[in-house]
Amino acid sequence: MKKTLDREKTQIICSPCFDLALCLDCGQAFRWERDENGWSGVIGDRFFCLEQQGNRLSISGSTDEKSIKLLKEYFDFGRDYEKIAEQLKNDEYFFKAYSLYCGIRILRQDSWEALCSFIISQNNNIPRIKGIVSRLCENFGEEIAQGVYSFPTAQRLATLKVEDLSVLRSGFRAKYIIDAARKVSDGTVDLEKIAEMPLENARESLMTIKGVGPKVAECTLLYGFNRLEAFPVDVWVKRILGELYENGLPECFSGYEGIAQQYLFHWRRNLDTK
């Protein structure tokens, strides 16, 4: 991704419970890259370069009032994570995870982008997911600046055939992307209604898309709809459940299972890398 936009900077005060690197590099989103200038990525049709210094977030690229508002919403700065953590810290294992990684927040991503990205994430590693997503945007998104592209809409992808996605090198996932795009585009899967549905009904609706199983549905609900009670289970979370929560999740997680999952996932995954 070329950083060709205006480098004029503005600063905002971060939420006390915020770590930019933890938020962007803990498996939630796949359109952010890190270099010597900080982090760069796209939210909607706006390009951002971000750098954190203490409790200040330095922003360049898109710095108008609407963009700053979008950025604050994306990082969920309106939610009091410290208050939520007080409830969750009644569990000793969450307390350990929070003590090390208290700056994690659940990103408020676009629902379609999250759905498509987590379809791509199946049986995949993060560098390859980022590569496929990048090629998807470059080939089918709109150029919002030189070398910077928006995420393609469901309506755009719905006009394509599976073979048109060969440039992505996404393998079996291509047919799932097309099916998702067509069902979202024609309203078979109504993302606006899913946002308001009871969680079980929302899962069932998403799982009518080919290739969307429980994990992809749960990731989409948590990261694309901000359904904080959603609880994605991957290999690391399975280990956590087996090792620490054989009798089920503690009551203190109720309503915030997704937040607890993100902290515990990052903590457990990093235990094996230290």
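Modeller: Begin with axes. An axis is a line fitted to C-alpha atoms, for helices over the stretch in contact, and angles run from 0 to 180 degrees between N-to-C directions. Keep in mind that this is a predicted model.

Colleague: How is a pair of packed helices described?

Modeller: Two packed helices are described by the angle between their axes and the distance between the axes. Take helix H4 (residues 92-101) and helix H13 (residues 257-271): their axes come within 9 Å and cross at roughly 75°. Angles of 65 to 115 degrees count as roughly perpendicular, so H4 and H13 are roughly perpendicular to each other.

Colleague: Which residues in H4 and H13 meet?

Modeller: H4 brings Tyr 93, Phe 94, Lys 96, Ala 97, Tyr 98, Leu 100 and Tyr 101. From H13 come Ala 260, Tyr 263, Leu 264, His 266, Trp 267 and Asn 270.

Colleague: Now the sheet. In what order do the strands run?

Modeller: The order is E1-E5-E4-E3-E2, an open sheet of 5 strands with antiparallel pairing. Strand E1 (9-13) and strand E2 (32-35) are the edges, each pairing on one side only. From one strand to the next, the twist averages 30°.

Colleague: How many bridges join E2 and E3?

Modeller: There are 4 bridges between E2 and strand E3 (residues 38-43), in the antiparallel sense.

Colleague: How do I read a single position? Is Val 216 buried or exposed?

Modeller: Buried means under 20% relative accessible area. Val 216 has 6% relative accessibility, so Val 216 counts as buried. Val 216 is found in helix H11 (residues 214-225). Beyond its neighbours within four places in sequence, Val 216 contacts Phe 118, Ile 119 and Gln 122.

Colleague: And the chain as a whole?

Modeller: The chain has 13 helices and 7 strands. A compact globule of 274 residues would have a radius of gyration near 19 Å; the chain has 18 Å, which agrees. The C-alpha trace spans about 50 × 45 × 35 Å along its principal axes. Of the 274 residues, 53% count as buried.

Colleague: What share of contacts joins residues at least 24 apart?

Modeller: Among contacts between residues at least 6 apart in sequence, the share is 69%.

Definitions and conventions: Residues are numbered from 1 along each chain as its sequence is written. This is a predicted model: local features need pLDDT of at least 70, side-chain atom pairs count only at pLDDT 80 or more; totals for chains, interfaces and linings use all residues. Side-chain values use heavy atoms; hydrogens and water are left out. Two strands pair if DSSP finds at least two bridges between them. Helices (H or I, at least four residues) and strands (E, at least two) are DSSP runs, numbered from the N terminus. The radius of gyration is taken over C-alpha atoms; the globule rule is 2.2 Å times the number of residues to the power 0.38. Buried means under 20% relative accessible area, exposed over 50%, partly exposed in between (1.4 Å probe, protein chains only). Contact means heavy atoms within 4.5 Å. Angles under 35 degrees count as roughly parallel, over 145 as roughly antiparallel, 65 to 115 as roughly perpendicular and the rest as oblique.
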